[in-house]
Amino acid sequence: MTAGSIIGRAGAPYPVPAEGAPLRIAFVGQSTFFRACALDEHSGRAQTAFFEFREGGDGGAMLDGIEAFAPHLVVAFRPEILPRGVFAGLRAAVLGFLTEPIPRTPGRRAHPDLRYRRAALEGMDTGNVDRVVAFDPLIVPTADAFMPVWRSLPLPVADALFAPVRPPGGRPSILFVGRSTRHREHFLERAKAELDLVHAAFGIGPDELAGLLRGHDIGVNLHNEPYPSFENRVCLHLAAGQLMISETLSPTHGLEPDIDYLEVANPEQLLAVLRAAVAFPRAYERVRIRGRRKAEAFRASRVYPRLAEDLLHDLRVFGTERTAAA
(Lines give C-alpha, C1' and ligand atoms only; values in the text may rest on other atoms or scores of the structure.)
Protein backbone atom coordinates (compact mmCIF):
# COMPACT_ATOMS: atom_id res chain seq x y z
CA MET A 1 0.00 0.00 0.00
CA THR A 2 1.47 3.38 -0.94
CA ALA A 3 1.82 6.33 1.37
CA GLY A 4 -1.01 8.79 1.27
CA SER A 5 -4.56 9.11 2.44
CA ILE A 6 -8.15 8.34 1.54
CA ILE A 7 -11.04 10.76 1.73
CA GLY A 8 -12.93 10.35 4.96
CA ARG A 9 -15.13 12.39 7.26
CA ALA A 10 -15.98 15.85 5.94
CA GLY A 11 -13.32 15.54 3.27
CA ALA A 12 -10.55 15.05 5.83
CA PRO A 13 -8.07 12.30 5.02
CA TYR A 14 -7.84 8.96 6.76
CA PRO A 15 -4.14 8.07 6.91
CA VAL A 16 -2.92 4.86 5.30
CA PRO A 17 0.43 3.14 5.84
CA ALA A 18 3.53 4.33 4.06
CA GLU A 19 5.08 1.90 1.59
CA GLY A 20 6.41 -1.11 3.51
CA ALA A 21 4.87 -0.03 6.83
CA PRO A 22 2.37 -2.31 8.62
CA LEU A 23 -1.36 -1.73 8.53
CA ARG A 24 -2.63 -0.95 12.04
CA ILE A 25 -5.98 -2.57 12.83
CA ALA A 26 -7.97 -2.06 16.04
CA PHE A 27 -10.68 -4.56 16.93
CA VAL A 28 -13.53 -3.47 19.21
CA GLY A 29 -16.01 -5.74 20.97
CA GLN A 30 -16.78 -7.95 23.92
CA SER A 31 -13.67 -10.08 24.28
CA THR A 32 -15.46 -13.20 25.53
CA PHE A 33 -17.27 -13.35 22.20
CA PHE A 34 -15.02 -11.68 19.66
CA ARG A 35 -11.35 -12.17 20.56
CA ALA A 36 -11.84 -15.60 18.99
CA CYS A 37 -12.83 -13.84 15.74
CA ALA A 38 -10.10 -11.19 15.59
CA LEU A 39 -6.65 -11.02 14.07
CA ASP A 40 -3.72 -11.05 16.49
CA GLU A 41 -0.65 -10.16 14.46
CA HIS A 42 2.50 -8.16 15.11
CA SER A 43 4.54 -8.27 11.94
CA GLY A 44 5.78 -6.10 9.13
CA ARG A 45 2.42 -6.66 7.44
CA ALA A 46 0.01 -5.81 10.27
CA GLN A 47 -0.06 -4.55 13.86
CA THR A 48 -3.26 -5.26 15.75
CA ALA A 49 -4.85 -4.54 19.12
CA PHE A 50 -8.14 -5.54 20.73
CA PHE A 51 -10.21 -3.07 22.76
CA GLU A 52 -12.86 -4.34 25.13
CA PHE A 53 -16.30 -2.84 24.72
CA ARG A 54 -19.71 -4.23 25.60
CA GLU A 55 -23.18 -2.74 25.54
CA GLY A 56 -23.45 0.12 28.02
CA GLY A 57 -19.66 0.30 28.44
CA ASP A 58 -17.43 3.34 28.76
CA GLY A 59 -17.16 4.60 25.19
CA GLY A 60 -14.75 7.37 26.15
CA ALA A 61 -12.23 4.98 27.69
CA MET A 62 -12.50 2.70 24.67
CA LEU A 63 -11.94 5.62 22.29
CA ASP A 64 -8.93 6.86 24.28
CA GLY A 65 -7.28 3.47 23.90
CA ILE A 66 -7.98 3.34 20.18
CA GLU A 67 -6.65 6.84 19.56
CA ALA A 68 -3.48 6.03 21.49
CA PHE A 69 -3.00 2.99 19.23
CA ALA A 70 -3.50 5.21 16.13
CA PRO A 71 -5.04 2.61 13.80
CA HIS A 72 -5.59 2.91 10.08
CA LEU A 73 -8.67 0.70 10.38
CA VAL A 74 -11.13 -0.11 13.17
CA VAL A 75 -13.23 -3.28 13.02
CA ALA A 76 -16.21 -2.87 15.35
CA PHE A 77 -18.15 -6.02 16.19
CA ARG A 78 -21.83 -5.25 16.82
CA PRO A 79 -21.68 -1.58 15.71
CA GLU A 80 -25.29 -1.14 16.83
CA ILE A 81 -24.16 -0.99 20.49
CA LEU A 82 -21.59 1.78 19.97
CA PRO A 83 -22.49 5.07 21.70
CA ARG A 84 -23.82 7.69 19.30
CA GLY A 85 -21.04 9.81 17.86
CA VAL A 86 -18.25 7.93 19.62
CA PHE A 87 -16.15 7.81 16.44
CA ALA A 88 -17.13 11.31 15.28
CA GLY A 89 -13.58 12.65 15.42
CA LEU A 90 -11.67 9.43 14.78
CA ARG A 91 -9.30 9.71 11.83
CA ALA A 92 -9.46 6.08 10.76
CA ALA A 93 -11.66 3.98 8.52
CA VAL A 94 -14.31 2.08 10.52
CA LEU A 95 -15.82 -1.22 9.44
CA GLY A 96 -18.89 -2.44 11.35
CA PHE A 97 -19.36 -6.21 11.57
CA LEU A 98 -23.00 -7.27 11.96
CA THR A 99 -22.87 -10.48 14.00
CA GLU A 100 -26.48 -11.01 15.15
CA PRO A 101 -29.36 -12.77 13.36
CA ILE A 102 -32.32 -10.57 12.42
CA PRO A 103 -35.46 -11.23 10.34
CA ARG A 104 -34.55 -12.12 6.78
CA THR A 105 -37.71 -10.92 5.06
CA PRO A 106 -38.80 -7.35 5.81
CA GLY A 107 -42.42 -7.10 6.91
CA ARG A 108 -42.89 -10.81 7.47
CA ARG A 109 -43.75 -12.26 10.88
CA ALA A 110 -40.57 -13.34 12.72
CA HIS A 111 -39.46 -14.97 15.96
CA PRO A 112 -39.52 -12.52 18.93
CA ASP A 113 -35.76 -12.92 19.41
CA LEU A 114 -35.15 -11.81 15.84
CA ARG A 115 -37.48 -8.83 16.26
CA TYR A 116 -35.58 -7.82 19.41
CA ARG A 117 -32.25 -7.93 17.58
CA ARG A 118 -33.70 -5.98 14.66
CA ALA A 119 -34.83 -3.25 17.07
CA ALA A 120 -31.28 -3.02 18.39
CA LEU A 121 -29.90 -2.66 14.86
CA GLU A 122 -32.45 0.06 14.12
CA GLY A 123 -30.77 2.16 16.79
CA MET A 124 -27.31 1.97 15.17
CA ASP A 125 -25.59 5.31 14.59
CA THR A 126 -24.46 4.89 11.00
CA GLY A 127 -22.28 7.94 11.46
CA ASN A 128 -19.88 5.73 13.44
CA VAL A 129 -18.97 3.49 10.49
CA ASP A 130 -17.90 3.82 6.86
CA ARG A 131 -19.06 0.38 5.74
CA VAL A 132 -20.77 -2.66 7.28
CA VAL A 133 -20.32 -6.36 6.62
CA ALA A 134 -22.87 -8.99 7.64
CA PHE A 135 -22.16 -12.50 8.90
CA ASP A 136 -25.23 -13.76 6.98
CA PRO A 137 -26.09 -12.69 3.40
CA LEU A 138 -29.74 -13.60 3.98
CA ILE A 139 -30.23 -10.75 6.47
CA VAL A 140 -29.13 -8.15 3.92
CA PRO A 141 -32.67 -7.19 2.73
CA THR A 142 -33.53 -6.20 6.31
CA ALA A 143 -30.17 -4.67 7.26
CA ASP A 144 -30.06 -2.54 4.10
CA ALA A 145 -32.95 -0.49 5.46
CA PHE A 146 -30.60 0.90 8.12
CA MET A 147 -27.31 0.98 6.19
CA PRO A 148 -26.38 -0.73 2.91
CA VAL A 149 -24.38 -3.91 3.53
CA TRP A 150 -21.03 -3.73 1.75
CA ARG A 151 -19.93 -7.38 2.05
CA SER A 152 -21.09 -10.61 3.67
CA LEU A 153 -18.82 -13.22 5.20
CA PRO A 154 -18.84 -15.46 8.28
CA LEU A 155 -16.94 -14.37 11.36
CA PRO A 156 -13.28 -15.37 10.93
CA VAL A 157 -11.37 -17.55 13.39
CA ALA A 158 -8.30 -16.38 15.30
CA ASP A 159 -5.18 -18.20 14.14
CA ALA A 160 -4.38 -19.33 17.70
CA LEU A 161 -7.48 -21.55 17.70
CA PHE A 162 -6.39 -23.60 14.68
CA ALA A 163 -5.07 -27.09 15.39
CA PRO A 164 -4.35 -30.23 13.39
CA VAL A 165 -6.77 -33.14 13.29
CA ARG A 166 -5.68 -35.46 16.09
CA PRO A 167 -6.06 -39.23 15.80
CA PRO A 168 -8.72 -40.63 18.15
CA GLY A 169 -7.35 -41.60 21.54
CA GLY A 170 -9.78 -43.45 23.78
CA ARG A 171 -13.43 -42.61 24.19
CA PRO A 172 -14.23 -39.32 22.38
CA SER A 173 -15.60 -36.43 24.44
CA ILE A 174 -18.15 -33.87 23.24
CA LEU A 175 -18.22 -30.07 23.64
CA PHE A 176 -21.06 -27.61 23.27
CA VAL A 177 -20.24 -23.90 23.72
CA GLY A 178 -23.13 -21.47 24.14
CA ARG A 179 -25.64 -20.15 26.59
CA SER A 180 -28.48 -22.37 27.67
CA THR A 181 -31.85 -21.86 26.00
CA ARG A 182 -34.98 -23.98 25.97
CA HIS A 183 -34.37 -24.91 22.34
CA ARG A 184 -30.82 -26.04 23.00
CA GLU A 185 -31.63 -27.99 26.14
CA HIS A 186 -34.35 -29.83 24.20
CA PHE A 187 -31.64 -31.07 21.83
CA LEU A 188 -29.02 -31.77 24.50
CA GLU A 189 -31.05 -33.35 27.31
CA ARG A 190 -30.61 -37.02 26.41
CA ALA A 191 -27.06 -36.60 25.15
CA LYS A 192 -26.04 -34.98 28.45
CA ALA A 193 -27.58 -37.85 30.40
CA GLU A 194 -26.03 -40.61 28.32
CA LEU A 195 -22.72 -39.36 26.92
CA ASP A 196 -19.61 -37.46 27.99
CA LEU A 197 -20.85 -34.01 26.91
CA VAL A 198 -19.48 -30.79 28.39
CA HIS A 199 -21.66 -27.67 28.10
CA ALA A 200 -19.59 -24.49 28.50
CA ALA A 201 -22.17 -21.76 28.85
CA PHE A 202 -20.84 -18.37 29.96
CA GLY A 203 -17.81 -16.07 30.17
CA ILE A 204 -15.27 -18.09 28.20
CA GLY A 205 -12.14 -16.13 27.35
CA PRO A 206 -9.97 -16.98 24.32
CA ASP A 207 -7.36 -18.89 26.33
CA GLU A 208 -9.97 -21.01 28.09
CA LEU A 209 -11.75 -21.59 24.79
CA ALA A 210 -8.53 -22.83 23.19
CA GLY A 211 -8.07 -25.30 26.05
CA LEU A 212 -11.65 -26.54 25.77
CA LEU A 213 -11.33 -27.06 22.03
CA ARG A 214 -8.08 -28.99 22.49
CA GLY A 215 -9.63 -31.16 25.19
CA HIS A 216 -12.56 -32.51 23.16
CA ASP A 217 -12.89 -34.51 19.96
CA ILE A 218 -16.43 -33.59 18.90
CA GLY A 219 -18.11 -30.18 18.69
CA VAL A 220 -21.86 -29.57 18.63
CA ASN A 221 -23.60 -26.51 17.21
CA LEU A 222 -27.23 -25.66 17.95
CA HIS A 223 -29.23 -22.57 17.17
CA ASN A 224 -30.06 -20.12 19.90
CA GLU A 225 -33.78 -20.41 19.12
CA PRO A 226 -35.75 -22.42 16.52
CA TYR A 227 -34.86 -20.28 13.51
CA PRO A 228 -32.15 -20.92 10.89
CA SER A 229 -28.72 -19.31 11.14
CA PHE A 230 -24.97 -19.88 10.82
CA GLU A 231 -23.17 -19.62 14.16
CA ASN A 232 -19.49 -18.71 14.32
CA ARG A 233 -18.82 -21.69 16.60
CA VAL A 234 -19.16 -23.89 13.51
CA CYS A 235 -15.95 -22.38 12.13
CA LEU A 236 -14.27 -22.55 15.57
CA HIS A 237 -14.86 -26.29 15.95
CA LEU A 238 -13.73 -27.02 12.39
CA ALA A 239 -10.56 -24.97 12.85
CA ALA A 240 -9.76 -26.91 16.01
CA GLY A 241 -9.87 -30.18 14.06
CA GLN A 242 -12.98 -31.48 15.79
CA LEU A 243 -15.76 -33.50 14.25
CA MET A 244 -18.49 -30.89 13.82
CA ILE A 245 -22.13 -31.92 14.33
CA SER A 246 -24.61 -29.14 13.69
CA GLU A 247 -28.28 -28.43 13.55
CA THR A 248 -29.27 -27.52 9.97
CA LEU A 249 -27.26 -24.50 8.82
CA SER A 250 -28.58 -21.64 6.70
CA PRO A 251 -26.56 -20.45 4.87
CA THR A 252 -23.70 -22.98 4.82
CA HIS A 253 -20.99 -20.53 3.64
CA GLY A 254 -19.54 -23.17 1.34
CA LEU A 255 -19.56 -26.01 3.87
CA GLU A 256 -21.10 -29.26 2.63
CA PRO A 257 -23.28 -31.25 5.05
CA ASP A 258 -22.15 -34.82 5.67
CA ILE A 259 -18.88 -34.05 3.88
CA ASP A 260 -17.36 -31.22 5.96
CA TYR A 261 -19.65 -31.64 8.96
CA LEU A 262 -22.57 -33.82 10.06
CA GLU A 263 -26.02 -32.25 9.98
CA VAL A 264 -28.96 -33.14 12.22
CA ALA A 265 -32.51 -31.82 12.26
CA ASN A 266 -33.86 -32.98 15.62
CA PRO A 267 -32.75 -34.29 19.03
CA GLU A 268 -33.19 -37.93 18.01
CA GLN A 269 -30.81 -37.51 15.06
CA LEU A 270 -28.30 -35.69 17.25
CA LEU A 271 -28.28 -38.48 19.81
CA ALA A 272 -27.95 -41.17 17.14
CA VAL A 273 -25.00 -39.45 15.44
CA LEU A 274 -23.26 -38.76 18.76
CA ARG A 275 -23.69 -42.39 19.81
CA ALA A 276 -22.12 -43.57 16.55
CA ALA A 277 -19.26 -41.05 16.75
CA VAL A 278 -18.43 -42.12 20.32
CA ALA A 279 -18.77 -45.87 19.69
CA PHE A 280 -16.75 -45.78 16.46
CA PRO A 281 -14.20 -42.94 16.78
CA ARG A 282 -12.77 -43.44 13.26
CA ALA A 283 -16.13 -43.65 11.51
CA TYR A 284 -16.18 -39.97 10.55
CA GLU A 285 -12.44 -39.35 10.17
CA ARG A 286 -12.79 -38.17 6.57
CA VAL A 287 -15.42 -35.64 7.64
CA ARG A 288 -13.08 -34.25 10.31
CA ILE A 289 -10.23 -33.93 7.81
CA ARG A 290 -12.40 -32.27 5.16
CA GLY A 291 -13.90 -29.88 7.68
CA ARG A 292 -10.47 -28.86 8.97
CA ARG A 293 -9.31 -28.13 5.43
CA LYS A 294 -12.39 -26.01 4.73
CA ALA A 295 -11.74 -24.02 7.92
CA GLU A 296 -8.70 -22.42 6.27
CA ALA A 297 -11.12 -20.16 4.39
CA PHE A 298 -12.07 -18.63 7.76
CA ARG A 299 -8.53 -18.07 9.09
CA ALA A 300 -8.23 -14.52 10.46
CA SER A 301 -4.76 -13.90 8.99
CA ARG A 302 -6.14 -14.80 5.58
CA VAL A 303 -9.44 -12.89 5.77
CA TYR A 304 -8.67 -9.55 7.42
CA PRO A 305 -5.74 -8.31 5.29
CA ARG A 306 -7.73 -8.93 2.11
CA LEU A 307 -10.84 -7.36 3.62
CA ALA A 308 -8.86 -4.30 4.76
CA GLU A 309 -7.27 -3.84 1.34
CA ASP A 310 -10.67 -4.04 -0.36
CA LEU A 311 -12.18 -1.60 2.12
CA LEU A 312 -9.50 1.04 1.79
CA HIS A 313 -9.60 0.77 -1.98
CA ASP A 314 -13.39 1.07 -1.94
CA LEU A 315 -13.23 4.18 0.24
CA ARG A 316 -10.57 5.69 -1.98
CA VAL A 317 -12.76 5.21 -5.06
CA PHE A 318 -16.25 5.86 -3.69
CA GLY A 319 -15.65 7.90 -0.55
CA THR A 320 -17.87 7.69 2.51
CA GLU A 321 -21.11 9.16 3.80
CA ARG A 322 -20.03 8.63 7.38
CA THR A 323 -20.86 12.22 8.29
CA ALA A 324 -24.47 12.00 7.12
CA ALA A 325 -25.94 10.35 10.23
CA ALA A 326 -23.50 11.56 12.88
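Helices (H or I, at least four residues) and strands (E, at least two) are DSSP runs, numbered from the N terminus, and the angles, which run from 0 to 180 degrees, are taken between the N-to-C directions of axes that are lines fitted to C-alpha atoms, for helices over the stretch in contact. Contact here means heavy atoms within 4.5 Å.

This is a predicted model, in which local features need pLDDT of at least 70 and side-chain atom pairs count only at pLDDT 80 or more, whereas totals for chains, interfaces and linings use all residues. Residues are numbered from 1 along each chain as its sequence is written, and side-chain values use heavy atoms, with hydrogens and water left out.

Val28 is buried, with a relative accessible area of 1%, where buried means under 20% relative accessible area, exposed means over 50%, and partly exposed covers the values in between (1.4 Å probe, protein chains only). Leaving aside neighbours within four places in sequence, Val28 is in contact with Phe51, Phe53, Met62, Ile66, Val74, Val75, Ala76 and Phe77. The C-alpha atoms of Val28 and Leu63 are separated by 9.7 Å, although the two residues are 35 residues apart along the chain.

Which charged side chains are paired, and where do they lie? Side chains of opposite charge can pair when their charged atoms come close. With a salt bridge taken as a side-chain nitrogen of Lys or Arg within 4 Å of a carboxyl oxygen of Asp or Glu, the count comes to 21 salt bridges. One of them joins Arg54 to Glu52, with the closest N and O atoms 3.0 Å apart; Arg54 is partly exposed at a relative accessible area of 40%, and Glu52 is partly exposed at 36%.

A further salt bridge is formed by Glu100 and Arg78, whose closest N and O atoms are 4.0 Å apart. This pair links distant parts of the chain, 22 residues apart, with Glu100 in the loop between S6 and helix H3 (112–122) and Arg78 in the loop between S5 and S6. Glu100 is buried, with a relative accessible area of 18%, whereas Arg78 is partly exposed, with 21%.

In helix H3, Arg118 and Glu122 lie 4 residues apart, about one turn of the helix, and their side chains meet in a salt bridge (3.5 Å, N to O). Arg118 is partly exposed, with a relative accessible area of 30%, and Glu122 is partly exposed as well, with 49%. Salt bridges that share partners also join Arg78, Glu80, Glu100, Asp113 and Arg117 into one network.

The structure holds 0 disulfides, a disulfide being a pair of cysteine sulfur atoms within 2.5 Å. Cys37 is in no disulfide, and the nearest cysteine sulfur, that of Cys235, is 8.6 Å away, which is too far for a bond. Cys37 counts as buried because its relative accessibility is 0%, and Cys235 likewise counts as buried at 0% relative accessibility.

Taken as a whole, the protein chain has 10 helices and 13 strands, and buried residues make up 55% of its 326 residues. Its C-alpha atoms fill a box of roughly 65 × 45 × 30 Å, taken along the principal axes. The radius of gyration, taken over C-alpha atoms, is compared with a globule rule of 2.2 Å times the number of residues to the power 0.38; a compact globule with 326 residues would have a value near 20 Å, and the protein chain has 20 Å, which agrees. Among contacts between residues at least 6 apart in sequence, 65% join residues at least 24 apart.
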